[in-house]
Amino acid sequence: MNGDAPHFVTFQSGSFRGDAAEKGSAAVETMDVTVGDIRMTPEAPFQEAKASVDLTKSEIIVAVGRGIKSLENIALAQQLADALGADLAASRPICDSDWLPIDRQIGSSGQTVAPKVYIALGISGAIQHIVGMKNAGTIVAINKDSEAPIFDIADYGIVGDLFEAVPVMIEEVKKAKA
Ligand SMILES: Cc1cc2nc3c(=O)[nH]c(=O)nc-3n(C[C@H](O)[C@H](O)[C@H](O)COP(=O)(O)OP(=O)(O)OC[C@H]3O[C@@H](n4cnc5c(N)ncnc54)[C@H](O)[C@@H]3O)c2cc1C
């Protein structure tokens, strides 16, 4: 960090994994701060839109990309999410197509998340998506293209058709939970 103190640092929620935080060597001082007159008040158009789902709190996320092919097939991903107790998320094209609402979008123009497990179904792994989920604890990717960039950051990968793999996963999760 350049320049003289004081420095002011903020972090976007979900940008770092809290459980991986390490204590630094800097002295921590508690200070009484008196805030003077607040001269600026944000008006309604500048306030953050209230999201119906806060994916930054999710422990498990099942995310769908264009590989899901159609709106009707989102139900398959929802079944996997239900079996795992996960939240459903998506890449941008899915939200742009209104197959899922915008507050489910992960990435540079969506939410930044750090769940324990992130399962990417038919997501190529474009940088704008990766920046929103790269801090997940364990990343599982299913993609029929072995060269898809998502495999560069995946801990586990299935090179194959998600429409074959996902029904098997749902059955196995149900069996394991029974
Ligand atoms: C300014 C800007 C901001 C952006 N912000 C975001 C953002 O916030 N979030 C975001 O996600 N994107 C964002 N994007 C878009 C981003 O660049 C990509 O276009 C997008 O992430 C691609 O989405 P995708 O992986 O679902 O689709 P694709 O790139 O089309 O990938 C689909 C994948 O599915 C696989 N597939 C196809 N069929 C199957 C099957 N049957 N089984 C398994 N795999 C299959 C394919 O092999 C392919 O890898 C942004 C772009 C710009 C320019």
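**View 1. Five strands make up an open, parallel sheet in the order 2-1-3-4-5.** This is a predicted model, where local features need pLDDT of at least 70, side-chain atom pairs count only at pLDDT 80 or more, and totals for chains, interfaces and linings use all residues. Residues are numbered from 1 along each chain as its sequence is written. Strands here are DSSP runs of E with at least two residues, helices are runs of H or I with at least four, and both are numbered from the N terminus. Two strands count as paired if DSSP finds at least two bridges between them. Strand 2 and strand 5 (156-159) sit at the edges with a single partner strand each, so one side of each has no neighbour in the sheet. From one strand to the next, the twist averages 15°; angles run from 0 to 180 degrees between N-to-C directions, with axes as lines fitted to C-alpha atoms, for helices over the stretch in contact.

**View 2. Strand 1 and strand 2 run parallel, joined by four bridges.** Look for Ala63, whose bridge partner in strand 2 is Ala89. Helix 1 packs on the sheet here, touching strand 1, strand 2 and strand 3, and its direction makes about 170° with that of strand 1. Touching means that two residues have their C-beta atoms, placed from the backbone, within 7 Å.

**View 3. Helix 1 (residues 74-84) has Ala77, Leu80 and Ala81 buried.** Buried means 20 or more other C-beta atoms within 10 Å of the residue's own, exposed means 12 or fewer, and partly exposed is in between, with C-beta atoms placed from the backbone. The buried residues of helix 1 pack against strand 1 (60-64), strand 2 (87-90), strand 3 (117-121) and helix 5 (162-177). Just past the end of helix 1, Gly85 has a positive phi of about 70°.

**View 4. Asn135 is in the loop between helix 3 (127-130) and strand 4 (138-143).** With 17 other C-beta atoms within 10 Å, Asn135 counts as partly exposed. Leaving out residues up to four places away in sequence, Asn135 touches Ser15, Phe16, Arg17 and Ala114.
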